[in-house]
Structures are given as structure tokens and as C-alpha cells.
Amino acid sequence: MTVRREGVRGDGGRGDGGRRDGVPGDGVRSGVPGGPEAGAGGLGGGAGVSLGVEGVTVEVAGRRIVEDIGLAVAGGAFVGLVGPNGSGKSTLLRCVYRALRPTSGVVRIGGDDAHALPAREAARLLAALPQESASEFDFTVAEVVGMGRLPHRERTAAGDREICAQAMARTGVAHLADRGFLGLSGGEKQRVLIARALAQRPRVLVLDEPTNHLDIAHQLDVLSLVRGSGLTVLAALHDLNLAAAHCDVLYVLDGGRMVASGAPHDVLRQELLAEVFGVRAHPVRHPETGAVQLLFDRLPRSTDTRPLGRHPAPVPHPHPHPHPDPHPHSHSHPHPHPHP
Amino acid sequence: MRQARSHGRVPLPPLVLGLSLVLAGSVVCGVGLGAAGVAWADVVRFLWAGGTGGSVRAADGAAYTIVWEIRLPRVVLGAVVGAGLAAVGVAVQAMVRNALADPFVLGISSGAAVGANAVILLGAFAGLGVWALSVSAFGSALVAMALVYGVARSGVGLTPLRLVLTGTALAYGFEALTTVMVFGAARGEAARAAMMWLLGSLGGATWAQVPIAAATVVAGWVWLRARAEALNALAMGDETSAALGVRPERLRRELFVVTAAVTGTVVAVSGAVGFVGLMVPHVVRMVVGADHRRVLAVAPLVGAVLLVWADVLSRLLLAPAELPVGVITAVVGVPVFLLLMRRGGYAFGGR
């Protein structure tokens, strides 16, 4: 099965969907230092710096998971990574946030080789929301957010509290500070983890499918929060409409290789979607915002040569043999089209 | 219920101060209580004299020896062992990210038991005299540690599941070896001593054992406490920890060595005292929350107090005979643990 999505998706473009129009293909948003976060006490630790992935290849146990990936995220841009399951999105992101060392290639954060930097120094530049969220231990929300301060040196308890309070206020979780993290809903958890990332005061934010398991309102909510951080963002996203609505630039991964990149609506063309995702896409305009939305249908698989609806039904074949067939499933049918 | 609970609000300094006073009181009580009756006034006087380098009358010589040379090292060693097991329990649970782990899950104590019983039952390393038991137990703990480490290691470093499974599997192997030795031993008294050691006992405590054990436990605790925040990150997951600038595979490797060294040392002087390393971290988390900075400040004190009193009970319940202290920690610990778990809506194992 290559089809992941059928029928109508939610109106992923609501919110700031229209804002993406006219963004140039290289995705550079200028004037980031004066972005929306400037008024909030400089949360985010300053302007986003550029992020670069150059020729990254990852081999695990002799198998190539991703091959020769190149990718550039301009400072302050929001870049999305899309691709079918198993295309290598998570593996590539793990290389970026240093959970995995690439077999070859370089990840650059503002020009520095991320894997050559000391671990804590890199963590001061780049924060991540990995897909895991299982902890055996019930930390409070305040403690989880406080972990964002770990990579920083020369900090004070009072300063940390202030920074964490700002981060929690920013993502709207201040009232949850004393609650146990494990008891939160999916949307609350994600907001807490974003608060932790903000408390880290990084320049780059990497997110691995941050909208997984969230309802549509929380999906939009999380992406606008991230968008509003002013940081350089690289996010793996499942929902193509959400990705198109929120990202400046999209990169498409398929089978471990980068197959397309550019402005969302230049990238998400019917041929590409058919080839990579195995779906037939129908672009339609949102009746209110006018933003282009994609509707998806299942595409008959190219390997499936039989015309739809004319599958020869498995005909019950009476076995006249007195002895049981030792290989019932490898039994070759003598008549390919016995009774249409 | 868990959602409404606000934990981590118990202020730390008064708690630590209070527990330190309780520990000091427990030590005095531990020295005062015993099969041979020594008046409380004398106990305090002897402790004062011993501590300040004062003198006692010759007539008090026997009582003083009981207090200063027999009971006090035993009580102090009990406190050290309890503190060490509790601290290591916290660290191991974070290391394998499993709230059900304890210092013995890595198979180190079972390994130590092989060495200890080789001495008790087969008379190995007789040339080392009184040190034979400790040295042999520690040595075989190190061998067990190297074995577990070597088997658990994979291309991606030490993963929690592999560590637990390897530790458990090898522990069965070590226990089989021990059992063979116990059954093969002709002497009944030796088998009893072996059983005593397997369940944990402070009966053989001497001053000579205290400095090494105390130094190892203190050093291990200082190392862990300095990495409390990194332990928090590790408890959240390897990916999160990497993103926060803590290299999980390296931290886990270091934790393995530190916890193995402390466990090996503690087990070498006291045998395998169970439940302290499993229970104390849980009880402490219920009171102060999951933050390792707080847990590691409190858990060793609670472990020390618990083991001092467990040892007192082990001496008094069947006096003049002694029970293994591990029996007491189990008898006291299991119901307390089950009660707390059922009552508090405590996020046991996270779910």
C-alpha cells in the first residue's frame, strides 16, 4: 500500500494560509530580528541562523537509509520535509539534531559543522522535538520545560525560572506548570515540548511530525506557534495541505533520496504526488481564503495491471485429488480466466 | 487523580535537614539497641568519648568495645550501604529508563555472589585472610559487569532493553553457579553463611570495611548528583537527550561503570540486600517528584535510615540469632510499596 490519504482533508490552510502567497522559492524571510518575537523579550534566543545539509548519507547495518541529501534552510525560514512513510525523513532529522551521526556528509548550523561542535554548544544552537514522548517518570510540566536550560552555562536559578516562565506563557501552558507531563493531552504535551524548545533559546528548531495524533485545531495551533517563533524551522510533516500552507519551501523525500524541492505549490504537482505518494491529487480553491487545497484519491497502483473492478474472483476450485494438496497457496490455477 | 496532584512542592532544604537529623538519631538508636544491654547513658558517653578521643574507665572496657568496635561500624556500614543502594537504584532506573529496575537488575550482585560463595563454601583466596570475601565478591562483580557490558553492547551502544535482558539472563546463569556451589558444599554451616550472604547481612561489619565503602558511595553519589540534569534528559528518551546536548550512549556507558562500581563495593561488604534500591527511589519520587536533582538529594538519606532500622530489627527479632537484613527490607518494603502504589495514583512505570 502506498496510499495514505483518501478523500477530503481538513482545511489545513486556515489561519495564516494566505500568507504564503508570493513567498519566493528560496524561502528567505528577511527582517527576522524584528519578527513577532521581538516584542516578547527576545524569546527564541535571537534570529534564526541558516541550516544546511550537505551530501548526507546514512547507512545502518549496510543498508542505505538516506543517500546524498542536500538541503538548505535560510535563516528564519520554515522548511517542510514531506515523503511517504519510510522515506527517510526521521533518519535525516535525527542527523540534524545529532541523535545520529551520518555515514558521510555534513550538517551545518550557521556554517558550523554540527557534529564537530561540542554536544552542549550544538544544543544551544538547535532544539528539537523528536517523535518519542514516552517517559517512565512523571516530570511536572515546569521540570520538562526546565530541561531546555540544560545546555546553557553560567545560568542562575532565577534566570532559568524567568526564561521558562516566558516560554510557557508563550505557548499557553503556564497554568499547567505543576501538572504531571504524562497526564496531559496530546496537544498540551506538544505545547509543553515547544516551550521546552523555546526555553533552550536555540536559533534553529527541528520538528519530527509535530502534528501527529493531534486534532485539526491543535495541528494548526502547533504550526502557528512554531511559525511565530521566528526561528529557522525544519519540520517533517505528514499532511501535505498543512505543509503547503505553513512552509516557505518544501523538500520531498522518496526512498531515501531527495526528489523535489521548491515553493509548496511548485513542488506538490500531480505527477510528483502520483509518483511519490501513489495518490491522484485534485487542486481546489478554498471557498473563503482562495488558497489552493489538494484533495486526494487513491491511484491504482502501477504494478496492478488488471483493470479495476475486473479482478478475477478467487474461484472455489474443487479438489478432485484424493490426497490433500501439500502446497495449497502455490497451487497454480490451470485456467487464468475461467468464468468472468 | 494524578492530574490534579501538584507534586514536587515539598521544599528541599528542610526535608534534607530533617532526614539528616533522623539519620543521626537512627545511628544512635542503632548503636543503643542490641542483644547485650548497654545503658543509653553509657552508649551516648562512649560515642562521645570515641568521637572526641576522650577516655573511658577500664571497667567499661567490654561495653565500650561492644559499642565502638562492634555496633557502631555495623550501623555506619548499614547507613553507607543503604545510601549507596538507594542512589544506585535511582541511577539504574534512569539508565535503563524503567521504573522497575534496581541495582541488581544488571546481574552485578549475582556475579558478586559467585565470588563471595567461592570464598564461603570452597575456601577460595584463603591467602587474603579477612579480605578474601570482599575482594573476591568485588572481583567477580567486575567480571560480571564486563560480561554484561560486552554482551549488551551493540552497534548503537547500550540500549536499555538489551541491558535489562542481558543482565537478567546472565543473573540466572550466575545464580545457577552459586546454587551448584551451595548444594555441593558439604558443611551445613557454610551453606547457612552462603544463604545469609545471598539475602544480605551486615553481621561481618568491621571498621576496616567502612572507609572504602563510604568513599566509593560518596564518590558515586557526587558524580551522579553532578549529572542529575543529564539523568532527567536521559529519562525523557535518547532522542530528546541528544537534542538537549547530552550524549545518551556515552552517559549510559559512564553510568554503567559508576553504578557497577558502587554496587560491587556495597555488595562486597553486605551481600545482596534487596528492595532498598527498588523501593526507596519510588517512595522518594512520590514525595519530591521525578526531578533527579531532588531525588538524588533525598534518596540516599532515606536509604540509609531504612537500612539502619532494618538492621536493628534483624538483630532484635530473633535475638540472639540474627535474620538476614534482606529479609527485613523485603518484609517491610513489599507491603509499604504496594500500599503506596495503590493509594497514591502514582504514575508507576509511567502509566
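Helices here are DSSP runs of at least four residues, and strands are DSSP runs of at least two, both numbered from the N terminus. Keep in mind as you work that this is a predicted model.

**Exercise 1. Describe the secondary structure of chain B: how many helices and strands does the chain have, and in what order do the elements run?**

Step 1: Start with the count, which comes to 14 helices and zero strands for chain B.

Step 2: Now walk from the N terminus, and the elements of chain B read α-α-α-α-α-α-α-α-α-α-α-α-α-α.

**Exercise 2. Work out whether the radius of gyration of chain B agrees or disagrees with that of a compact globule.**

Step 1: For 351 residues, a compact globule would have a radius of gyration near 20 Å.

Step 2: Chain B has 21 Å, so the value agrees with the globule rule.

Step 3: Look inside the chain. A residue is buried if 20 or more other C-beta atoms lie within 10 Å of its own, and 53% of the 351 residues in chain B are buried.

Step 4: Finish with the contacts in chain B between residues at least 6 apart in sequence: 76% of these join residues at least 24 apart.

**Exercise 3. Find the order of the six-stranded sheet in chain A and name its edge strands.**

Step 1: The sheet is open, and its strands follow the order S6-S7-S8-S3-S9-S10 in chain A, with mixed pairing.

Step 2: Strand S6 (126-129) and strand S10 (257-262) of chain A each pair on one side only, which makes them the edge strands.

Step 3: From one strand to the next, the twist averages 15°.

Step 4: Zoom in on one pair. Strands S7 (residues 204-208) and S8 (residues 232-236) of chain A are parallel and share five bridges, with Val204(A) opposite Thr232(A) of S8(A).

**Exercise 4. Identify the two antiparallel partners of strand S1 in chain A.**

Step 1: S1 (residues 51-60) is joined to S2 (residues 63-73) of chain A by seven bridges; Val58(A) faces Val66(A) in S2(A).

Step 2: In the hairpin of these strands, two residues lie between S1(A) and S2(A), and Ala61(A) takes a positive phi near 50°.

Step 3: The other partner is S4 (residues 104-109) of chain A, joined to S1(A) by five bridges. Here Thr57(A) has Ser104(A) as its bridge partner.

**Exercise 5. Characterise the side of chain B that touches chain A.**

Step 1: The contact takes 29 residues from chain B and 27 from chain A.

Step 2: Helix H9 (228-236) and helix H10 (238-243) of chain B are the elements giving two or more residues to that side.

Step 3: By class, this side of chain B has 10 nonpolar, 12 polar and seven charged residues.

Technical notes:
Residues are numbered from 1 along each chain as its sequence is written. Chains are lettered from A and ligands numbered from 1 in the order in which they are written. This is a predicted model: local features need pLDDT of at least 70, side-chain atom pairs count only at pLDDT 80 or more; totals for chains, interfaces and linings use all residues. Two strands pair if DSSP finds at least two bridges between them. Axes are lines fitted to C-alpha atoms, for helices over the stretch in contact, and angles run from 0 to 180 degrees between N-to-C directions. Two residues are in contact if their C-beta atoms, placed from the backbone, lie within 7 Å. Ala, Val, Leu, Ile, Met, Phe, Trp, Tyr, Cys and Pro count as nonpolar, Asp, Glu, Lys and Arg as charged, and the others, Gly among them, as polar. The radius of gyration is taken over C-alpha atoms; the globule rule is 2.2 Å times the number of residues to the power 0.38. A residue is buried if 20 or more other C-beta atoms lie within 10 Å of its own, exposed if 12 or fewer, and partly exposed in between; C-beta atoms are placed from the backbone.
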